[in-house]
Structure formats: structure tokens, C-alpha cells
Amino acid sequence: MPNEATEVKTNIATQCPYCGVGCGTLLQTDKGRVVGVKPDARHPTNRGLQCVKGLTAAKPLYVDRLTTPLIRKDLTDPLAARPSRTKGRFDADLFREASWDEAEKLVAEKVAAVVKQHGGGAVGLYGSGQLPVEAQWLQSLLMKGVIGSGAVEGNARMFNTAAAAAYLETMGLDGPQATYDDIEQADMVVHWGHNPRSAHPVLFWRIADRKATAKLPTLVVDPRRTGTVTALEQVSRASSFHLQTVGGDIALCNAIAHVIASEHREAVDREALARDAVGWQSYLEGCKARYAPEEVQAVTGVDPKAVRKVAAGWAAASVAGRKRGTGGVLCFWGSGLNQALHGHHNAVSLINLLALTGNVGREGCGPLTMAGQPNAAGERLTGGLTGLLPFHRRLDDAAWRDRIADAWRVPRARLAQVAAQKNPGFIIGMLERALKGEQKVMFLIGASHLDLPDTERLVRPALTRTFTVVNEIYRHAPNNLYADVVLPAACWGEWVGGTFIQSERRFNLCEGTANPLAGTRPDIDILIGLGRRIAAGLGLDAAKIYPYQRREDGLYDPEPIFREIVAASRGSLTDLTGMLEVERRDKTGLYEQIRSRRGVQWPMSSYAAARAGGSGRRLFGPSVSKPWPTTDGKLHLRLCEQQPVAVGEQREVLDQLRRAGVDQDFLVSEQLELLGRARDLALSPEQPDAAWRGKHFKEVPADKFPYWLGLGVVYEHYHSAKTIRAPTPRKLCNEQYVELHPADARALGVADGELVRVVTRRGSFEGRAAVGSGSRIKPSRNAVPRGYLFSPWALSVADAADPRDNRWLVNAAAHRAFDPVSGQPAFKHLVARIEKIEPPRAGEVAR
Ligand SMILES: Nc1nc2c(c(=O)[nH]1)N[C@H]1C(S)=C(S)[C@@H](COP(=O)(O)OP(=O)(O)OC[C@H]3O[C@@H](n4cnc5c(=O)[nH]c(N)nc54)[C@H](O)[C@@H]3O)O[C@H]1N2
Ligand SMILES: Nc1nc2c(c(=O)[nH]1)N[C@H]1C(S)=C(S)[C@@H](COP(=O)(O)OP(=O)(O)OC[C@H]3O[C@@H](n4cnc5c(=O)[nH]c(N)nc54)[C@H](O)[C@@H]3O)O[C@H]1N2
Ligand code: SF4
Ligand SMILES: [Mo]
């Protein structure tokens, strides 16, 4: 491995490692190390802007790094089902340093033994939207092609899959059609369950700019008055709408449709619907019959007058856009919509509303879901989720399966066998199978176990029982506490190349110093090394499956892997093969095409499309005379219901769901029917004991949980690993906090800045009370409504990764119930109790 490079390079182009906006970033390097970053002024996404996270992305690259493989001395034995006695701890004396050779050999032996005895499905993997596409491809190849396991999941499951399931059902697509350029054409921009001022700042600034110059009307649907709401109001109060609902999104979408259908009939695009859609009549009739804003107010919590006002604005924008032929309502949505037990139905309902009003299949409008991670899209593209093959095809598509098996150079029968496996319950199912001893091995690659719900009752006990292999960059990462083997990865900034796909389908090239810290290897290299050994151990032809060559410097060149991906995409909706034509005819390499254009947007099936940098918009429907890629070429609308639920029926379902995480015998992945019932009633997994609101915290009994609790994003940090290791973000936001309404705080007897414990049925975490938007606890830019609490999840281990000292871990409190179709957990709809943590009295020792 190289480590002596002294070359000074500036302006190595890459994509920001953080959010799904995908800003172009220029690495500044010195002596082979990254010393700083600059925003790329030439990049069409950010045009020279970046937020505080991106600007400080160089800071955490060389701190607390792992540089040697580690093997736990007391290993978990997956065959004898004997867990290591030291799981949950990461002390130097519990591990020994090992060579790569020894570590790879050990992993390969254990995996091969498990596969031979229990089948491939006993090996599971949780991957990441922070890895490059090429690594994600190798990961799918390893799991599905070599090991023969469908138990592959990734953290896209935590955010994107409700949207993906809804796109697929309604439009036959996996992802959005629109692009950021639609912002300047839109007549209204909507952020539904989306807080872009914190989560996607550069995108937000572009929208705010447009609002300032063009008086663009905006709507935010969010229970909190977030920074997004207040900033848009500062630009123009008159054109800014804000509707506040907790979990009532389906009814709210349908109520807007109701008002439009009855009071703004010109906005219903009947002509297009009649020609182009199915299911729309019953959807429309249902909304008219059952969703007057007054009738569903109990569910939405929204004043009917406000619904009517928003519907009028929505209708006007839709009509204006349609008349002009470009423009209309452009709708972003985020985890406020997706992370729900009925996340898939939420997203279908919003797409229904957009389709009803003619805001699909044209420029300047439509749904544009923002990805959270820099390459969440790659995770889905490469088949990194249960039930999927690369290029958004399903594992039960036999013809495509054979195509992919051939592209991977593995026996076709292997993928057929994977397709026959049942993996109910997505990632939660994998963990629950581990609790039962059926999931024997877990790989964790670039995703932290603490991003998953129900840490103490589900995630950690599960990982204690599995032989756990972790690819990780940091020494004190939470995953290492549960690892049997830790493989030290090279990180972003050190790579040779590799690609990310950001939210508008743009592939960006991520080059780096090509000079990883001595002892580390890029995930691509790790996956090739492990893959070869595991393949050999399973009697497969490793040299044929992994034909990749090392470069002179000892690192693998990812470009041939990219070429393999491009070639295999032929004929899919994600067809990239135009790039091969450009390479052949113009002698421009694949990476060079991306590099020189600052990104290319899929699809690009032809030479011309690839030469133009791909397809900006990806339109279907009558305006472009291209049938929707559904089975019948039509747009599919479907009414999803969310009516007030009879108390008895609700109680019956919720009494069952309440057992999750409390009763060890109750596994939600075995309760798909119950989850389906809850979903069809559009319930959250639990409901607050609202009668106990307004009481002092000491008066609330231990089994009562009066408040809603939502968990999400804070501007200053990105997830739980890197920004907490960067001084500036760390200084700006240093401590776990809980947003509280002033009236609730007063009643509870909690003052701003005091320490509280947030308690749910599964567990608890601590934080400072941040009361109202004027709190002295920074950042105080959001105001929660009465009865609602919010904490960010990025600070979950900022105090300590070690479970013995870790008090800020929000997912200890989260519920493991998930949407039965999309697998999306309900991080936004928990219920909790607040306890004040009294300061120690004189003479007592503070913790
Ligand atoms: N600064 C920063 N940016 C990030 C990240 C980060 O860690 N830090 N992570 C990235 C990732 S991976 C993701 S997935 C995205 C997430 O980005 P977002 O989805 O925008 O962020 P969240 O805070 O999870 O949730 C958005 C909003 O949903 C609201 N909400 C809660 N419940 C409901 C509800 O029932 N209905 C509606 N309509 N809204 C509700 C919340 O109040 C919250 O303001 O951010 C990305 N960007
Ligand atoms: N309560 C609650 N929980 C949530 C959410 C929420 O809103 N509320 N949001 C969810 C969402 S949307 C998401 S996307 C997930 C995200 O969750 P994760 O992506 O799991 O979060 P990170 O903290 O970024 O963990 C990434 C891990 O990979 C390591 N790493 C960094 N770079 C590399 C690399 O190059 N190679 C390797 N091998 N490892 C690397 C980091 O050190 C870290 O340990 O969290 C989910 N969890
Ligand atoms: S975190 Fe997102 S908005 Fe900020 S610089 Fe990175 S990609 Fe751009
Ligand atoms: Mo995410």
C-alpha cells in the first residue's frame, strides 16, 4: 500500500460525502493528504456553494482512524451458536491486531462453513448509501451471486423505500423524473415532511432565491415550525403556507383533492387522466365522498380554512403551469412522509394528488424525492435491498436474473436459489432472525447499527449472536463494539475513484488522493479480497468471478467495474450504455465523460444522450408521447384511506403492536398481517396518552406516554460519525437536546436548558430541554407544537459509543414496527414521557 506520496494536487473533483443534494467538491491535497475542500464553482448542482458540513468535510478524515485489521480474542462461534462473552465492548485488550491475510481467511472460513451447513440465507449484510456504486455492486455480487443470500439490506431502507415503492406502483418507476432545474420553472414548491433548510441546504437556498425573485408560492407540511418554514416566511410571508399534521398526511392529501375537485374543478386534469390513467375515478369519488376537510379534521389536525387556502394555491399553480406547458406544482418530500407505518400509502397519496392536478410527466412540476445520502440511489440501482436485482428489477424476474448472473459470472442456479428464499421483514426481519439464531453472520459495511430502531432490545442483542464483520474507518465506531472482525477501510477522499448518484440521477465521479492511510483498503478492494476467498471456499471459480487487476500502486481500479455495470444496464430503465458508444466512437473513457461534464444523468441509452451528459428530465406520459413504464403503460392512481378509526378497533391493533420490544416473543417480522391492518387504518405504531399532558412530570405514571416524539435531522451534523469528529460542526452543536413547547415545559416543571430524560416503552435517552424557538440551547431554529417532542439522531454517540456510557442514543427509544410494503420504520411517530433529571445536590457526585 502506498503511503509515501508527496505529490501536491489541488482541485481533485469529487462529490460531497454528505447529503443527497450532491454538491461538487474540490479536494485540496498536500503530500498525498487531503488538507481542505472547496466548493466546485463549475458544478451545475451547487455552482460554488456548500453548507458548513461540506465545507468542513476534510476535518474528520485523519482522526481516530483504524489502520490494522482487528480480531476479537473471544470469537462468536456461529455454528455452535455461542456468542462471544465480550460483545458490546471495545477495549484494546479484547482484540488482537491481525494481518489482512489472516483476517480475510478467518472471515472466509466462517462464512463458507455457515453457508454449507445452513444455506446462503444465514449470512446477512447491512450496507450503505455512503459507499460508491462500484462497491455496492460488488456487495450485491458477493451476497447474491457468491454467497447465495437474499438477506441484503442497506440504510436506504431507513428513508427512501416508501417513496420508491410508491413510484413503482403509480408510475412504474424507481425514482423521480424531475431535476433541480425544475425549480426555476415551477409555479409552486412543496416540502412535504421535508426540512431542507437543515437536510438539503444548498437546494433550499436555490428555492429561497427563486422565491425572492419570482414570488414563488411555497407550502411546507410539517408538525414543527422548522427553519424551513420561518426562512421562507422571511422571504415572503404572503406566499408561504405551512400546515401542521402529525401522521395525518394521507387524509390531508385527500382533503386537498376534495377541495380541488369541488371548488377548483378547472385544476383537475380530466383530459390527461381519461387518456392516461387508471383508478382515478374511484380515487376522485372517494375523496369527494369522504374527505371534506371538516370531516377529517380529527385525523389531520388542520383547520379546514387553511386546507381550503392551500388547495386554492395548489389549483392556481397547477392551472398556470398547464396553460404555459411548463411549470405547476413541484413537490419535494422527506422522511416526515416516508418514515411512517403507512409511508408507502403516504407517498401514493401525494402522487395521486399531483397526478389529479396534472403535475406529472411535464417540465417544471412533479414529485422529486430527495435522497438522504450521497449515493442512496446507488444502493437501489445495484440491487442492494431484499428482493431486488440490479437496475431496479425484481429477483423473481427470471430472465433478468439470468442476465445478471451472467454479468457476475456466477452460476445462474445460484440466483434462482436466492429468489426462492423468504426474507420477511427486511432489515428488522434479519435482526429478529438473528435473535432466534437463524441469521448466523452479519456484515456491516458503511452503516452504523445505531441507525436502526430498538437498539437495546433488538439490534444489539441480535448482533451479539451473529458472527459480525465490520468494515469501518474509525476506531471508536459503535459497530466495532459488536464486531468479531474489523476491517479498516480507506475513506472518501482517499479513493482512486468510484461514483455516487445524487438525487437528480446524476453520477458524479469521486476521485481522491489514491493514497489511503497505510494499512487501510478501500471498500472496493476489501470486497474483492473477501469475495475471492469466499468464492474459493464455496468451490466457485474465483478468478473468473473477480477478474479485476490491481494497479501499479496496489489499489484496484474501479473503472473496469463501472464499465461492467454500464454494460449490464442495457435494456433497463437505467440504461447507461450510451456511454460505451461515446467511449468507442470518441475515445473518451467512461470516467472521463463524467469528470469533464461534472456529472452525467441517467438514463443514457444512446450515443447522443450520453454525449449530451445524459437525460436531465426523464419524462413519461402523453406530453412526451411515451407510455408510463407500468405493465399497461398507464398511470395508476389508488385511493388510500385514512378515516377516523373507532376506538375499539384502534385499541385492538395498538395493544398488539405495543408488545414490540417489550415482549421478547413478539417478533414484528412474523406479524405482517397485523402491520398490514395498522397500515390500512393508517395508524402510527402507538398513540400518546394525551389525557396526561399538561401535568407535572412527577404526576405522570410510569406507564403513561403523553407526548409525540419525532426523531430526525439537525443542520450542523451529518449522521453520527464524521461531523461529530469535525471541530466546527461539533462546536456549533455539541450536545443532545429535546425540543419542547413552552406551555408543555411549564406544565412539566422543566425550564429551558435543564436536563431531561425521554422515556418510551423500549428505552430512553437524555438531552437538554430546548424550549421554544428562543431557547438558549443551540441550535434553536424549530418550534414544536404542543404535545410534541423532537430530537436529532446525529448526536446519538457524541457522548460515547460504549453502551455503558452512552446516554444520547435516540434509537434506544424507537419502535421496530415498519411499513409492511416498503419496510420503512416509523421514526417520526413514537410516544414518550419526559422526566426531569434533577441536578446533583451538594455532596453528591455528578455523573
Ligand atoms: N444536516 C443533515 N442533513 C442531512 C442528514 C443529516 O444527518 N444531517 N441526513 C441526510 C439523510 S440520510 C436524510 S434521509 C435526510 C432527511 O431529511 P428530512 O426528511 O428533511 O429530515 P427529517 O428531520 O428526518 O424529517 C423532516 C421533517 O419531517 C417532519 N415530520 C415529522 N412527522 C411528520 C408527519 O407526520 N408528517 C409530516 N408531513 N412531517 C412530519 C419533521 O418535523 C421534520 O422536520 O437528510 C439528509 N441530510
Ligand atoms: N431515530 C432515527 N434514526 C434514523 C433516522 C432518523 O431520522 N431517526 N434516519 C435514518 C436514515 S434516513 C439513515 S440514511 C440512516 C443512516 O445511518 P448510517 O449511514 O448508518 O449512519 P452513519 O452514522 O453515517 O454511519 C456510517 C458508518 O460508516 C462508517 N464509514 C464512514 N465512511 C466509511 C467508508 O468509506 N467505508 C466504511 N466501510 N465505513 C465508513 C462511519 O464511521 C459510520 O460508522 O439512519 C437512520 N436512522
Ligand atoms: S451536505 Fe449537502 S448541501 Fe451541504 S455541501 Fe454537502 S451535498 Fe451540499
Ligand atoms: Mo437517509
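Helix α24, residues 590-597, lies across the strands β19, β20 and β21, and runs at about 100° to β20. The model is a predicted one. The three strands form an open sheet in the order β19-β20-β21, and their pairing is antiparallel. At the edges are β19 (499-501) and β21 (600-601), each of which pairs on one side only. Strands of a sheet pair through backbone hydrogen bonds, in either a parallel or an antiparallel arrangement.

Between β19 and β20 (residues 506-509), the antiparallel pairing extends over three bridges. For Thr-499, the bridge partner in β20 is Leu-509.

The loop between β20 and α20 (523-537) contains Glu-511. Glu-511 has a relative accessible area of 18%, and it counts as buried because the cut-off is under 20%. The side chain of Glu-511 makes a polar contact with the side chain of Arg-595, at 2.8 Å. Leaving aside residues up to four places away in sequence, Glu-511 touches Ile-12, Ala-13, Thr-14, Leu-27, Trp-495, Val-496, Gly-497 and Arg-595.

The second largest pocket is a separate topic. Its space amounts to about 550 Å³. The lining of this pocket consists of 26 residues, of which Thr-386, Gly-387, Leu-388, Arg-394 and Phe-426 are the closest to its centre. Two or more lining residues come from each of the elements α4 (161-171) and α17 (412-420). The largest share of the lining, five residues, is given by α4.

How values were computed:
Residues are numbered from 1 along each chain as its sequence is written. Chains are lettered from A and ligands numbered from 1 in the order in which they are written. This is a predicted model: local features need pLDDT of at least 70, side-chain atom pairs count only at pLDDT 80 or more; totals for chains, interfaces and linings use all residues. Side-chain values use heavy atoms; hydrogens and water are left out. Two strands pair if DSSP finds at least two bridges between them. Helices (H or I, at least four residues) and strands (E, at least two) are DSSP runs, numbered from the N terminus. Contact means heavy atoms within 4.5 Å. Axes are lines fitted to C-alpha atoms, for helices over the stretch in contact, and angles run from 0 to 180 degrees between N-to-C directions. Buried means under 20% relative accessible area, exposed over 50%, partly exposed in between (1.4 Å probe, protein chains only). A polar contact is a pair of N or O atoms within 3.5 Å; within protein, one must be able to donate a hydrogen and the other to accept it, and residues adjacent in sequence count only if both atoms are side-chain atoms. On a 1 Å grid over the protein atoms alone, a cavity is a set of points where a 1.4 Å probe fits but cannot get out, and a pocket is an open set with protein on both sides within 12 Å along at least five of seven lines; lining residues have an atom within 4 Å of a point. Grid points are joined across faces, edges and corners, and a volume is the space filled by probe spheres set on the points.
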